[in-house]
Amino acid sequence: MNGLKIIVLAKQVPDTRNVGKDAMKADGTVNRAALPAIFNPEDLNALEQALRIKDQIPGTTITVLTMGPVRAAEILREGLFRGTDEGVLLTDRAFAGADTLATSYALSCAIKKIKDFDLIISGRQAIDGDTAQVGPQVAEKLNIAQITYAEEVLSVNKSAIRVKRRLERGVEVVEGKLPILITVNGSAAACRPRNAKLLMKYKHSTTISERQEKSEDYITMINERPYLNIKEWSVNDIESDREQLGLNGSPTKVKKIENIVFQAKEAKQLTNNDRDIEELMKELLSNHTIG
Amino acid sequence: MANFYTDNPEIKFHLNHPLMKRIVELKERNFEEKDKFDYAPVDFEDAMDSYNQVLEIVGEISAEIVAPNAEGVDHDGPELVDGRVKYAQGTEVNIEALRQAGLMGMSLPRRFNGLNFPIVPYIMAADIVSRADAGFVNIWGLQDCAETINEFATEEQKERFLTRVCAGETMAMDLTEPDAGSDLQAVMLKATFDESKNIWLLNGVKRFITNGDGDIALVLARSEEGTADGRGLSMFIYDKRNGGVTVRRIENKMGIKGSPTCELVFKNAPAELCGSRKLGLIKYVMALMNGARLGITAQSVGVSEAAYREALAYAKERKQFGKAIIEFPAVYEMISLMKAKLDASRTILYETARFVDIYKTLMHISEERDLTKEEKEEMKRYQKLADIFTPISKGMTSEFANQNAYDAVQVHGGSGFMKDYPVERIYRDARITSIYEGTTQLQVVAAIRGVTTGGYLARIKEYEAEALKPELEGYRRVLVGLTEQYEAAVKKVTEFNNNEFIDFHARRMVEMAGHIIMSYLLLLDCNRDHNYWKTFEVYMKYGAAQVAAHAQYIKFSSPNDIGKFKIE
């Protein structure tokens, strides 16, 4: 059986899991400079599912596609260190300020340029926006089927895929026809570690923008080793309707941002017993304070 | 994400030692593989950057996977199922993570799919993994055995076995038997050559074999019928795929419970000779042991690190009499000494690793081409240093690991005695370090030559001659004073020409040398990085007191006293 062509959609996000006091600016927006930029956690779960398919089916290739600033190439390298075949960075001022609709439009245009694919896998949602909209919208724009909340790809061949979904009150096993888009939950298997050899092979890989200030020796090396070139696409590299990109293409308007400072009156007294602690855990989980 | 490498800048400090330049240059043969392998470094900076980044992977796996699994693995342990070892669930997960990360066969050549790392960064990985789980490092660290195959086996054997090690198969070294522990000359496992099949067959029992059910094992066996000593022993490679060996029992141990310690029964187990007949014990085991001892030194450092961190965290958090207990002199004095012993252990570990790196790499190069006269001298010089530093560092750092684990429990008070805190496990895990791969007493036997032939003193004099920043000059004078006490003690003990008297004081003399060497190494660390100043002072004061105590003991001792120590 021939391998599958898989595209993994990934996003570089500020690490909102370890927030310090500088995490928010005075105006209530995220202070991206103070937070380390990381591979969106559920996109790593998605990547692992893709890598497992590649382990099983020889000849499978994985392309990681991301949209973001130049530094987002970092997560494309993270993908290469784990066994992906290539990375594509979609970066341009024209994409800036995109909401989920404009983002999924731009991504779908880039996927059309990649053209040949059997499977698109992405994380359920990103930890900076928590919308879970981009994956499904990309599927709609490409007019392909989708399976959301996947926890495990149970089997896959050139024509169909069987997936275990994790839902609120249980699990569900569904099948879909390829090509298809899958979004993966955080409850799926954790992503494998970076591989030492792949890291040493790809650590010098860069996009053209990252190469601007590199030495001549480095440029010579890149020319000798074409695999070190990470694809970088601007708005001119994809076919798109500019009106649907970036801020122009984003109907979402932020009405107001509230900066919430917790007051002492919100304090709650617990007695030191298991039941109270369990209740608190349930409460925090259900209102998404944790988990 | 937690990371046991990036949260511990001391490891990186040792990685950046000036001698690394020479080590990398030799190991990479002037970067000749850069166009042959896409992961080979192009220059020194590139190589160092690779070590650094790969150690970050090790640190991440250790902190995020191995350490959280340690408690469960300690509790569950391996199981014996139908004569085979079944690892604890957590152990399986750990091995898989390290396999996926390509961290098996770290120091093996690239032509066998290894990473071709020098010993120094490999030992750093062992140091990091040990901190996460001292038991697990045994299974992973047995890739050391591959180094023996790489040194002594044929190219064809290397091709077959080393590629498998690099792909993640585990190893074992089958030496000990019920009646052959410290005295390996007594090994009885029988190797007979079967002419018709053209293979060796092994029969007998091995005991206390770490990871005894590993995929590939080095087995010490008696190939020369009628012999009774070490000269009748040869080294064999046993491949589990060929069968013939079953696990009869997994020992129920005090610590490192995740590491399966096996009793093995060999019944016509096919095996192949590694190297030449009769050199099994006298040459190959010695090489194997030296590598393993360095590994245990790394394990000891990792255990010390874990113990120190647990003690420090608890002492800061635990409040008694209205303040954190770390504010009491009795406690901070203890913790600062733990830190000093930890730093001293780590500095001698990497000093030793550098010596091993240079001489072993030159040895491998000598198989490819003739060494120059300078290179030959360099190899000899570092081999001598490695030979005397390996036992002294294993002996002293494993004792320090035990002392640190003891103190870490003590800092925790009653809580430390409970299984609720990791120190209880660390305490049990530490205990083996001063026993296996040669007890401390046997390390002293190996190290005493360094005392009597003046090897340690010569090295101490070299440290003494190193250029120091002016503000550190005063310390040199203190250490010169300690060295004089050491010289006087050695002179006193050796002038009687009485071997029993030398053996009687051997441990004291070796320890004196060790304290002085570690003090100098920490002083040189201070010279490179002022942050070592505190730990150096604490260690030096402690070391000076120990040296003085031993000097005093020896000063008032004579061969006539020995009888009083003999209990009938």
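**Close-up 1. Strands β1 and β4 of chain A pair in the parallel sense.** In this predicted model, strand β1 covers residues 5–10 of chain A and strand β4 covers residues 61–67 of chain A. Six bridges join the two strands. At one of these positions, A:Lys5 has A:Thr61 in β4(A) as its bridge partner.

**Close-up 2. An open sheet of nine strands in chain A includes β1 and β4.** The strand order is β9-β8-β7-β10-β6-β1-β4-β5-β11, and the pairing is mixed. Strands β9 (170–177) and β11 (231–233) of chain A are the edge strands, each pairing on one side only. From one strand to the next, the twist averages 35 degrees. Strands of a sheet pair through backbone hydrogen bonds, either parallel or antiparallel.

**Close-up 3. Helices α1 and α2 of chain A lie across strands of chain A.** Helix α1 (residues 41–56) lies across β1, β4, β6 (119–123), β7 (145–156) and β10 (180–184) of chain A. Helix α1 of chain A runs at about 145 degrees to β6(A). Helix α2 (residues 73–82) of chain A lies across β1, β4 and β5 (86–90) of chain A, and runs at about 170 degrees to β5(A).

**Close-up 4. Helices α10 and α16 of chain B cross at roughly 90 degrees.** The axes of α10 (residues 329–368) and α16 (residues 499–528) of chain B come within 9 Å. From α10(B), B:Asp343, B:Ala344, B:Thr347, B:Ile348 and B:Glu351 meet B:Ile517, B:Met518, B:Leu521, B:Leu522 and B:Asp525 in α16(B). This contact of α10(B) with α16(B) has six nonpolar, one polar and three charged residues.

Definitions and conventions
Residues are numbered from 1 along each chain as its sequence is written. Chains are lettered from A and ligands numbered from 1 in the order in which they are written. This is a predicted model: local features need pLDDT of at least 70, side-chain atom pairs count only at pLDDT 80 or more; totals for chains, interfaces and linings use all residues. Axes are lines fitted to C-alpha atoms, for helices over the stretch in contact, and angles run from 0 to 180 degrees between N-to-C directions. Helices (H or I, at least four residues) and strands (E, at least two) are DSSP runs, numbered from the N terminus. Two residues are in contact if their C-beta atoms, placed from the backbone, lie within 7 Å. Ala, Val, Leu, Ile, Met, Phe, Trp, Tyr, Cys and Pro count as nonpolar, Asp, Glu, Lys and Arg as charged, and the others, Gly among them, as polar. Two strands pair if DSSP finds at least two bridges between them.
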